[in-house]
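User: Can you walk me through a few spots in this model? I'm new to this.
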Amino acid sequence: MLSPRLLLSVACWTLVSVGSTLAQAPPLAQSIDQAIARDEPRVASLASSPSDDLTFLRRVHLDLVGGLPSADEARAFAADKDSAKRLKLIDRLLASPDHAWHWARVLDAWWMERRPAKNVEAKPWMEWLRDGLAKNRPLDAMVRDILTVDGTDEKTRAAARFVLDRELDTHLLVRDISRLFLGANLQCAQCHDHPRIDDYKQEHYHGLLAYYQRTYLFDDPKLKKKVLAEKAEGEVEFQSVFDKAKKTHKRSPGVPGGMERKDPMLAKDQLYISAPTKEARGVPKHSRRLLLAKDLTEGRALARNFANRFWAQLMGKGIVHPLDQIHGDNPPSHPALLDTLTEGLLAAKYDHKALLRGICASAAYQRGGDAKPGQPKDAEDRLLVARLRPLGPEQMGDALVIATGFMDAERKALGAKATPEALLPKLEGQAAPFVNRLAAPAGNPDQFEARLDQALFLANHGHLQGLLNARAGNLMDTVLKEKDAARAAETLYLTVFTRLPSAEEKAEVARVLGAQDKQGALRDLVWALLGSAEFRFVG
Amino acid sequence: MSASMARYACNSTEHTLSRRGMLGVLGGGVATAACGTGNLLANPLAKQHKRVLMVFLSGGVSQLETWDPKPGASTGGPFRAIPTSAPGVHICELLPHTAMQMHRLALVRGLNTAEDDHGKGHYIMHTGRKQEPSLEYPHIGSVAAKFVAEEENPLPGYLNIVPGGGGGANAADATFLGPKYGSVTISDGRAPENIDRPGGMDPQRDLARHEMRRAADQRFLARRKSAMTEAYTQSYDQALQLMKKKALFDVSTEPAKLSASYGTHDFGRHCVMARRLLEGGAPFVKISHTNYDTHHENFDFHIEQLAEFDRPFATLLEDLHQRGLLSSTLVMVVSEFGRTPGINRNYGRDHWSKAWSVALGGCGIIGGAVSGKTNAQGTVVVDRQVNGGHLFATYLKALGLDPAKKYYVDQRPIPMVDPTGSPISEVLA
Amino acid sequence: MQDKAKPKEAPKPPPPPPESIPGFHLATLKQAAELKNGSPLLACRFSPNGRWLYTSAQDNTIQQWDLTADKDGKIAGKKVDMAGHASWTRAIGFSADNKWLITAGYDGLLLTWPLGVPFPEPVRQAQAHTGWIRGVDCHGERVLTGGNDGRLAIHLLPDLRPGKAWQAHGCHIYQASFSPDGKFILSADLKGRLKVWDGSGQMVREFALSALHKYDAGFGADIGGVRAWSFSPDGASIACSGITNVSNAFAGVGNPLILVANWTTGEMRAELRSKEAFQGTGWGVAWHKAGFILGSAGGNGGMLWAWKDDFKPPAAPLKKDEKKEPTKDPKKPEEKKLEPLNEFVAQKLPDNVRDMALSADGKRLAIAYQGGVARVYTLA
């Protein structure tokens, strides 16, 4: 019997030797694979082989920058002999402005869940997110901004959108802060300790509520906008609806598992820096609200939640699932992995690019999607094979617009003026109808649904049909002008699916291009490919 | 057999009359003439296909304010009970129109589902089972879509008319039966958007491009496949099916007087749409009325909500009957759970699943029958206690399916009905 | 938060004690009687002579409580249960001559009873409405009722023969009263519409008390209604109480609110809210001649507040060409909405409030509690 340590070394050596691209993988990537091997000792023998270059290219493109690689990029990447090309690709994508663009949308969907702008415009908020991501600001610093900015300073106001556009509905805030930052849905714990989950108690709910209890929305007459203000009094009391005696409990601010923060003793006339009046917002000397940023970002819970969510974003399912049910009765599928990611993020001081680089460079992320004989039924859940996962709303929107070559046509039309600043808003505009159709209703996390209204939209709505009109530089135009049928098929399939066509597929393209109504037949073929499952999913 | 059980089979001369002409003749037992099933005519009345109408009152409707009133009890509240068209059966005064239809409805008053949580109660009432960690069970809608639909029925089998806009539940409802039988949302009872082919495309061309899509899917799914991909590919085919039945959504042809009887508010319109879809061959249509979760001021809100429900529902039953559809349509009026007999301090009633009621009617159900009894306060079932499994078994039996049958999931036999349940014979014809 | 050096200020004076009005000390609410009933209570009213308190309960009965004090000043509160309605009653009224008790129930039935007799039985009845009657009032021989059917009906004492009746509202009527001089009729409904009618049944004025109503789209239901109202001592204004800020109608998440209107002119005069947010409905309001308005609410417990009634009239609206900027010229008033006024004193109550009543002499307050107890308090 081989000792576990020896088995582990063998497993690592196997992984390393099979994928020479991983030879220079960053330490976090290696730790990820080692941790998975601890959680899943048979990973070396059961795991599928790594994905091929083009599959990896498509996957990492969608994940890091949201869109698809072009046919030329695909050709170049496949032909590149550099053994470190995958790592270099990851770094290139992370450094591009498209990365900040896409991940701003990811964070926005996570944190705002498509809520309408009420007190802060979406534009400055998105700019703030993009700017932070582009500058690689630590995630915890961004969270602290969200929880401290009061909206009075126009320069920093955008970060207050999280709180202001929930209109300081304190119950909603407690629910969303616990769900989105801590991975714990405490909603049920408002009225009683959670009936089934021991870790979610009323005191946790009310401890979070106490940070916001004294805060109120102030319609500032000078600034003519709503800002956050705070009083110096107001206590949180609660009773359990299950408690027949109706005992009243008091609760000071405190994050779950953290210390209760007692108010300092202040004389009655010493409570305010600026007392609340009709004209001026209250600013107390002791702000409970500002404590939350510190308390929330100090513990491990925030890092663990980010680790879980980033992993879910790239792998299609959280290590703890659902994402807002981190608690003792819902154990992680891979505990060592979750710990490794959490520690990794903390060690990297919440550098999100370091986390993404580590995940993308891991063997687990680069796993191929073909089943290996002998794999168990739940191979995807056990990280033995790549999960076939649906594209998110923005990914699908971008993919449809890019695959039809709209951006190529725009680049051609704009010429020298085709800068990212000019192009990205056009992409967003064209993708918007798709995004809206696939996105969850406001206030809900995105989730895949195969809805009839979505199918009817993609099949019949004019927007996609419009993108299939031939236009100088777009896919239809390029393929129609390509004289070599084989190359036409190759361009088509590399553009749409980031892979080469099979013989059968090449034959179909040749048939279409030889048809009487060449243009009509081609647009129908392109539509059929865009509407197929292969386009809707990645893995 | 009561008149409501009359069968309209075969090519007897009555069926050559127009449907309107039939109206004067129904009820007198005309169509009880025994006929062999013989030739199935194009006339939908001639077919024995069954269908199901589920009316879901969201939030937990109070059984004390509907099917099992207790006037005079300390838990009874301020409403009185009224007699109905079913001898000896009284329901709450808030349902005067439904009271005139009670000879077509049966009541199950001994329901104990022991689950006070909305999501879990919803699950039990749709699947007939408590949630299990290892296996998800299909909704009754998906079961009907699979076993009750005609083979060539072009409509998606499980149609869910959802109040308000937005998407709703989906392929997941069918679980191991397959996404084809998942629910399809009809938002707000209106024709789905984008139901026309793009740019006046001719049908042949549309079919051809969908064929190319299917071919691409076949190639891909041969090597990569999941529950989600199946649901996705299926949704396009369901879209095509729905496009073929576009005319069903055109309510402009509804007679004005009947529309008035249904009412122009949302629930009324959804009832009209439900009837049209059922008439058009949909095996299972669900309509919902929201909301009944009255923890606060239960009585005021039940006045409001039931007033909105009562007349359209009664109109729908009468309309189905007049069109000869009721005897082959299983009707169920259900909720996640009932409400507490105890009146809380804010004139509210809270969640209560220990002793509550549902109403059934139509196909396979004895009109006017009552199964089960609760005590004087309504706190406990004292006679014929049943659970969600019993209801599920009853639905299957009413539809002519065998409740003892099993599914085979990966060769594993799974009973269609929770083993603790069995058909409630007192309400079954 | 930086502690900055503050300029020297004159020391602030200590906060003033809870205000007192001559003859009234709300801060020391004195309980004169605790009247225990078996069934939870719904409503309470004093007879005009103040000798009797009538309450109604969830078991469809009415209670007559004798408020006579014994030689030691204690109120024994002898109770008589009165059966007559087939459902709940929340509308209790009296003839001014102390002869008749008038009750109107959710059974649509209007009953008269002899006031203050040892064994009260209904004397006359009229099926005044289809569905609930929520409002009743009596002036002279006229008895006014308003119900869920949206109709106002007048019946005449002593035999309740029907007088005028008309379709007054499109939804449930919550309150119906004669003006104190009897010349007008006021009615208010679920959607916060307050209507003023003249003696011939013609509507002369209509208000939208929209803050007292909300359609909760999440649950698909209307919540609101004037749950209680009280005329000003001079009779020209009326304080209307209900629930506002509803964010969840089916969980009762909202706050009590009192709106004060001059019903003779159509002018809104004040908006009364509590300083500390309270979750619940404003079930009781009483305008005291000593110059304050009492309001009570039930929901998450029970509360009682008092507001001064010396509201300043709202500032004149801006003329057309005046800009809406904050003006430095104190002579040019800005257009103002009604500023919410807070109470001068608040008192937590031992249980959920269901109704409140003020005796005609202004000396006693009665509150009917959900727990089945009615408490009579002395205001002096």
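This is a predicted model: local features need pLDDT of at least 70, side-chain atom pairs count only at pLDDT 80 or more; totals for chains, interfaces and linings use all residues.

User: Where is Arg214(A) found?
Analyst: Arg214(A) is in the loop of chain A between helix 12 (202–212) and strand 1 (215–220).

User: Is Arg214(A) buried or exposed?
Analyst: Arg214(A) is buried, because its relative accessible area is 4% and buried means under 20%.

User: OK, what does Arg214(A) touch?
Analyst: Leaving out residues up to four places away in sequence, Arg214(A) touches several residues, including Ala229(A), Glu230(A), Asp263(A) and Arg288(A). Gly234(A) is also one of the residues that Arg214(A) touches. The backbone oxygen of Gly234(A) lies 3.0 Å from a polar atom of the Arg214(A) side chain.

User: New topic. How many residues of helix 20 of chain A are buried?
Analyst: Eight of the nine residues in helix 20 (residues 452–460) are buried, so the rest of the structure largely encloses this helix. Among the buried ones are Leu452(A), Gln454(A), Phe457(A) and Asn460(A).

User: And how do helix 23 and helix 25 of chain A cross?
Analyst: The axes of helix 23 (residues 485–497) and helix 25 (residues 518–530) come within 11 Å and cross at roughly 35°. The crossing is right-handed.

User: Which residues make the contact?
Analyst: Helix 23 of chain A contributes Leu492(A), Tyr493(A), Val496(A) and Phe497(A). From helix 25 of chain A come Leu525(A), Val526(A), Leu529(A) and Leu530(A).

User: What classes of residue are those?
Analyst: The contact of helix 23 with helix 25 has eight nonpolar residues, no polar ones and no charged ones.

How values were computed
Residues are numbered from 1 along each chain as its sequence is written. Chains are lettered from A and ligands numbered from 1 in the order in which they are written. Side-chain values use heavy atoms; hydrogens and water are left out. Helices (H or I, at least four residues) and strands (E, at least two) are DSSP runs, numbered from the N terminus. Buried means under 20% relative accessible area, exposed over 50%, partly exposed in between (1.4 Å probe, protein chains only). A polar contact is a pair of N or O atoms within 3.5 Å; within protein, one must be able to donate a hydrogen and the other to accept it, and residues adjacent in sequence count only if both atoms are side-chain atoms. Contact means heavy atoms within 4.5 Å. Axes are lines fitted to C-alpha atoms, for helices over the stretch in contact, and angles run from 0 to 180 degrees between N-to-C directions. A crossing is left-handed if the near helix is turned anticlockwise from the far one by less than a right angle, and right-handed if clockwise. Ala, Val, Leu, Ile, Met, Phe, Trp, Tyr, Cys and Pro count as nonpolar, Asp, Glu, Lys and Arg as charged, and the others, Gly among them, as polar.
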